[in-house]
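Please keep the sequence and the model in view while reading.

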Amino acid sequence: MFFRIKNLFYLLIISITLNACGEYQKVLKKPNTKAKYELAEKLYNEGDFKKANRLLEQIAPGYVGKPQGERVMFFFANSYYEIEDYNFAGYQFERFLKSYPKSDKASEAAFLGAKSYYILSPRYSVDQTDTDKALTKLQLFINLYPESEYFAEANIMAKELTTKKEKKTFEVAKQFTKLGKSYILDYSVSAIAALDNFISDNPGSIYHEEALYLKIEATTNIALNSTENRKKERLEAAKMAYNNLFKYFPETKYAEDANDLIEEVVEQLNNYSEQENLSK
């Protein structure tokens, strides 16, 4: 008896599923816009975003300028987001905001559009076009909707993307520093320029301390391997880089390494001072 009831239950479920699929296929193929709208809304509310999206794709252009257009366009954009097609989601949320800037859904659309590009943002070492786009949209959202329920999350995402962009720039400078020690001295010159730009452009970066330390490495490398006519000024530049690290980070974790680097710089500068005193 139990197995018979169980089998009947499964048959009922299969029957309902087949009927639902049959209804969807029937509506999908017919030109009845109203039926497509009603079924799309039903499927959307049930969480079947993939099928809802296919129906909305067919009817969305016909609802532009109509009373239901705002609702349809938001569903359409959000269905892309829900099926994780973030490229189309970002694009459709942009279209929605252009068409309905005063919509009650404008804040949510702005956030989800920005989040779509945030999700698309790649690892730091490759092209950051989507990261730039996401940052621009997140910053716009933060400025426009400071009272939004999504405000805190938007700030967290913006900070994460900012750090990712900083890391990309920082890693270039770091690589120049490494190459300067191992291969050609000119790389140290490039390292100093890159580090100076990074420090100037990103004063609050989590990489600020390490950038200041790397500048000691690069300036010391140039100074100790410099020609005599420029050696003193470069030794002084290395000492200045050392002082800057301790100025901003008195308890720096790079203290031991920095002290080891500067020891010979100070010794050679003292030799210059002694020579100058003797020549007076």
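## Aromatic contacts

Ring pairs join F74, F93, F96 and Y100 into a cluster. The model is a predicted one. In total, the structure contains 17 aromatic pairs. One of them is formed by Y44 and F75, and the pair is stacked.

Where do Y44 and F75 lie? Y44 is in helix α2 (residues 33-46), and F75 is in helix α4 (residues 69-82). The pair therefore ties together parts that are 31 residues apart in sequence. Y44 is buried, with a relative accessible area of 10%. F75 is buried as well, with a relative accessible area of 10%.

F76 and Y80 form another aromatic pair, and this one is tilted. Its centres are 5.1 Å apart, with 55 degrees between the planes. F76 and Y80 both belong to helix α4. They sit four residues apart, about one turn of the helix. Both residues, F76 and Y80, are buried.

## Chain layout

The chain has twelve helices and zero strands. Read from the N terminus, its elements run α-α-α-α-α-α-α-α-α-α-α-α. The chain has 280 residues, of which 40% count as buried.

## Salt bridges

How many salt bridges does a search of the whole structure find? The search finds twelve.

| Pair | Closest N and O atoms |
|---|---|
| E41 and R71 | 2.3 Å |
| K167 and E171 | 3.2 Å |
| D196 and K215 | 2.7 Å |

Take E41 and R71, which form a salt bridge. The pair links distant parts of the chain. E41 lies in helix α2 and R71 in helix α4, 30 residues apart. Is E41 buried or exposed? E41 counts as buried, because its relative accessibility is 18% and the cut-off for buried is under 20%. R71 is partly exposed, with a relative accessible area of 40%.

The salt bridge between K167 and E171 lies within helix α8 (residues 151-182). The two residues are four apart in that helix, so about one helical turn separates K167 from E171. K167 is partly exposed, at a relative accessible area of 22%. E171 is partly exposed too, with a relative accessible area of 22%.

D196 and K215 also form a salt bridge. D196 lies in helix α9 (residues 186-201), and K215 lies in helix α10 (residues 208-224). The pair therefore ties together parts that are 19 residues apart in sequence. D196 counts as partly exposed, at 31% relative accessibility. K215 is buried, with a relative accessible area of 19%.

Most residues other than glycine have a negative phi. E84 is placed in the loop between α4 and α5 (86-99). E84 counts as exposed, because its relative accessibility is 58% and exposed means over 50%.

## Helix α12

Helix α12 spans residues 255-279. A258 lies in this helix. A258 counts as buried, at 0% relative accessibility. A258 and I216 are 42 residues apart in sequence. In space, A258 and I216 are 7.1 Å apart, C-alpha to C-alpha.

Which residues gather in a patch of negative charge on the surface? They are E256, D257, D260, E263, E264 and E267. E267 is in helix α12. E267 is partly exposed, with a relative accessible area of 49%.

Definitions and conventions:
Residues numbered from 1 in each chain as written. Predicted model: local features only at pLDDT ≥ 70, side-chain atom pairs only at ≥ 80, totals over all residues. Heavy atoms only, no water. Patch = residues over 30% accessible without salt bridge, like charges linked within 9 Å, V, L, I, M, F, W, Y side chains within 5 Å. Areas by Shrake-Rupley, 256 points an atom, 1.4 Å probe, with all protein chains shown as cover. Salt bridge = Lys/Arg side-chain N within 4 Å of Asp/Glu carboxyl O. Lys, Arg positive; Asp, Glu negative; His and termini not counted. Charge placed at Lys NZ, Arg CZ, Asp CG, Glu CD. Buried < 20%, exposed > 50% of the residue type's maximum accessible area, 1.4 Å probe, protein only. Phe/Tyr/Trp six-rings, centres within 6.5 Å; stacked < 30°, edge-to-face > 60°.
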